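Trainee: Hey, can you walk me through this one? I'd like to see how you read a structure.
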Amino acid sequence: MRGNRPPGHALLQFSLLMTLLAGLLLPWLLAPNAPMTLNAYDLAEWASLHPAQRATNPPLLAPLLLRAQLLILCVLVGLVARGKLEKRAAALVIFTLAVAQLPPIEFVNDIGNLNYRQQFGLALSSLLLGMAALCWMDARWRRLFVAGLSLLGALTTLAGASLALDVFASLASGGSAGLGIWIVLASYCCLFVTGLRTLFFHILPPP
């Protein structure tokens, strides 16, 4: 029917979102001279230590682009959930991911810290925008937003990883991109395709 999703579409999208999360947790940077790996969030924290990041516009641009992936993930989770059970599970995932982004308790006594403020702002935005997408986003716009956010996620991943790897190279002695970056990019590309697929499935119903 015209308003339905393609068969198996929900399972595919949730699988891609879980793969995206796994990619964020897997190494994004492999240090050349030490047994150290950094995932997306670790790399963002490392990049925030560079003094030059305080002077970017907006401040801490590299950490912002990397940390924004969890914000995008929360909104995508809210967008793809449909039924009552899916929405309950999505709400739990959104809440958990938002809490995981909160800065340490020291933020209470150091509100002026730009790094902590960025973390708090993204955590709050993840919760509010994720729940808004889950509860109030019109079905007509969900398909378009899934495709658009997936494309945005891929572009910000490339930009953030490039900036952060440059920062790490200036503080340490180089480093190479880890598997996590490529998994995240592949997940976004697949989500973009599924978003377009649902758009065409809605506009041009199957024969």
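Predicted model: local features only at pLDDT ≥ 70, side-chain atom pairs only at ≥ 80, totals over all residues.
Mentor: Let's go through it a piece at a time, starting with the overall layout.

Trainee: OK. How many helices and strands does the protein chain have?
Mentor: The protein chain has seven helices and three strands. If you read along the sequence, the pattern is α-β-β-α-α-α-α-α-β-α.

Trainee: And how much of the chain is buried?
Mentor: Of the 207 residues in the protein chain, 43% are buried.

Trainee: What about contacts between residues at least 6 apart in sequence?
Mentor: For those contacts, 75% join residues at least 24 apart.

Trainee: Let's look at the strands. In what order do they sit in the sheet?
Mentor: The three strands form an open sheet in the order E2-E1-E3, and the pairing is antiparallel. The edge strands are E2, residues 37-38, and E3, residues 176-177, and each of them pairs on one side only.

Trainee: How many bridges are there between E1 and E2?
Mentor: Two bridges, with E1 (residues 29-30) and E2 pairing in the antiparallel sense.

Trainee: Switching topic. How many salt bridges does the structure hold?
Mentor: One. Glu45 pairs with Arg67, and the closest N and O atoms are 2.8 Å apart. Glu45 is in helix H2 (residues 40-47) and Arg67 is in helix H3 (residues 61-80), so to speak distant parts of the chain, 22 residues apart.

Trainee: Are those two residues buried or exposed?
Mentor: They differ in class. Glu45 is partly exposed, with a relative accessible area of 32%. Arg67 has a relative accessible area of 0%, so it counts as buried.

Trainee: How many cavities of 30 Å³ or more does a search of the whole structure find?
Mentor: One. About 70 Å³ of space lies in that largest cavity.

Trainee: How do the lining residues divide for the largest cavity?
Mentor: Three are nonpolar, four are polar and four are charged.

Trainee: Let's do the backbone. Where is there a cis peptide bond?
Mentor: From Asn57 to Pro58, where omega is near 0 degrees. Pro58 lies in the loop between H2 and H3.

Trainee: I also clicked on Leu60. What is its phi?
Mentor: It's positive, about 55 degrees, although Leu60 is not a glycine. Leu60 is also placed in the loop between H2 and H3.

Trainee: Is Leu60 buried or exposed?
Mentor: Buried, because its relative accessible area is 1% and the cut-off for buried is under 20%.

Trainee: Last one. Where is Ser170 found?
Mentor: In helix H6. Ser170 is partly exposed, with a relative accessible area of 47%.

Trainee: And how far apart are Ser170 and His50?
Mentor: In sequence they are 120 residues apart, while in space they are 8.9 Å apart, C-alpha to C-alpha.

Trainee: Great, I'll go and find those two on the model.

Note on methods. Residues numbered from 1 in each chain as written. Heavy atoms only, no water. Pairing = 2+ DSSP bridges. Helix = DSSP H or I, 4+ residues; strand = E, 2+ residues; numbered from the N terminus. Salt bridge = Lys/Arg side-chain N within 4 Å of Asp/Glu carboxyl O. Buried < 20%, exposed > 50% of the residue type's maximum accessible area, 1.4 Å probe, protein only. Contact = heavy atoms within 4.5 Å. 1 Å grid on protein atoms, 1.4 Å probe; cavity = no way out; pocket = protein on both sides within 12 Å on 5 of 7 lines; lining within 4 Å. Points joined across faces, edges and corners; volume = space filled by probe spheres on them. Nonpolar A, V, L, I, M, F, W, Y, C, P; charged D, E, K, R; others polar.
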